[in-house]
Amino acid sequence: MKDSHVADDVTRAAVELFARQGYANTSVQQIVEAAGVTKGAMYHYFESKDDLLFGIYERLLTLQKAHLDDIIGRGGTVDEVLRAVCVDVLETSIDSMEEGAVFFRSLNMLSAPRHQEVTRRRRAYHDEFAELVSRGQAEGLYRTDIPVAMLVAHFFSDVHYLSHWYSPEGPEDKTLVAEQLTDLFLTSLRRTDAAT
């Protein structure tokens, strides 16, 4: 029977080590020692260090995509749905901020197939997000003078930059930060001549 905690322990140890000393400077031996497991146990769950790095981000991608699908599935006005999606991606990114920071710093070290898979999955998420913005434009709610791709990039730059300035020990909790960044984004989207 597989010990389901081994993969979690290895992942947690890898995130901490990658964050502290970098992906390239962290050995598999250091990871297994920090996790308190053998190399054999680690390799039972992860084929390589590359597989481990991919797994760190895959968990976040999978979680955020499941939440996106759930929020869209519940329905509502495009503004309500987009607001809920924005708040969710910000909160889940804050919850996994160390993992996200490790991943973005180490993305270029992934093997080409893994890098392509991450790009494909991120693009699929961004495409669904962009479709919500396009729906809002079609309904006359959101501005059309700026391309959708630029609007989407604007929002996600805030998401990806969180690890540079946000601290859970700071004065704002994650929900407040998520709501405030969402409000800023949605305000920037709205047509100035549209009723609010």
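I began with a definition: axes are lines fitted to C-alpha atoms, for helices over the stretch in contact, and angles run from 0 to 180 degrees between N-to-C directions. Two packed helices are described by the angle between their axes and the distance between the axes.

**Entry 1: the model.** I noted that this is a predicted model, in which local features need pLDDT of at least 70, side-chain atom pairs count only at pLDDT 80 or more, and totals for chains, interfaces and linings use all residues. Residues are numbered from 1 along each chain as its sequence is written, and side-chain values use heavy atoms, with hydrogens and water left out.

**Entry 2: the whole protein.** I looked up the secondary structure and found nine helices and zero strands. Helices (H or I, at least four residues) and strands (E, at least two) are DSSP runs, numbered from the N terminus. The C-alpha atoms fill a box of roughly 60 × 35 × 30 Å, taken along the principal axes.

**Entry 3: H8 and H9.** I looked up helix H8 (residues 148–165) and helix H9 (residues 174–189), which pack at an angle of about 155°, with axes 11 Å apart. That angle makes H8 roughly antiparallel to H9. Angles under 35 degrees count as roughly parallel, over 145 as roughly antiparallel, 65 to 115 as roughly perpendicular and the rest as oblique. H8 passes H9 in a right-handed crossing. A crossing is right-handed if the near helix is turned clockwise from the far one by less than a right angle, and left-handed if anticlockwise. The residues in contact (heavy atoms within 4.5 Å) include Phe 155 and Trp 165 in H8 and Phe 185 in H9. By class, this contact of H8 with H9 has eight nonpolar, two polar and one charged residues. Ala, Val, Leu, Ile, Met, Phe, Trp, Tyr, Cys and Pro count as nonpolar, Asp, Glu, Lys and Arg as charged, and the others, Gly among them, as polar.

**Entry 4: H5 and H9.** I then turned to helix H5 (residues 78–95), which packs with H9 at an angle of about 140°, the axes being 9 Å apart. That makes H5 oblique to H9. Their crossing is right-handed. Among the residues making the contact are Leu 82, Cys 86 and Leu 90 of H5 and Val 177, Leu 181 and Phe 185 of H9. The residues of the contact of H5 with H9 divide into 11 nonpolar, two polar and seven charged.

**Entry 5: H4 and H7.** I found that H4 and H7 pack at an angle of about 20°, with their axes 11 Å apart. They are therefore roughly parallel to each other. H4 passes H7 in a left-handed crossing. The contact of H4 with H7 has eight nonpolar, two polar and 10 charged residues.

**Entry 6: salt bridges.** How many salt bridges does a search of the whole structure find? I recorded 13 salt bridges, each a side-chain nitrogen of Lys or Arg within 4 Å of a carboxyl oxygen of Asp or Glu. In one of them, the side chains of Arg 121 and Glu 58 meet (3.5 Å, N to O). Arg 121 lies in helix H7 (residues 112–138) and Glu 58 in helix H4 (residues 49–74), so the pair ties together parts that are 63 residues apart in sequence.
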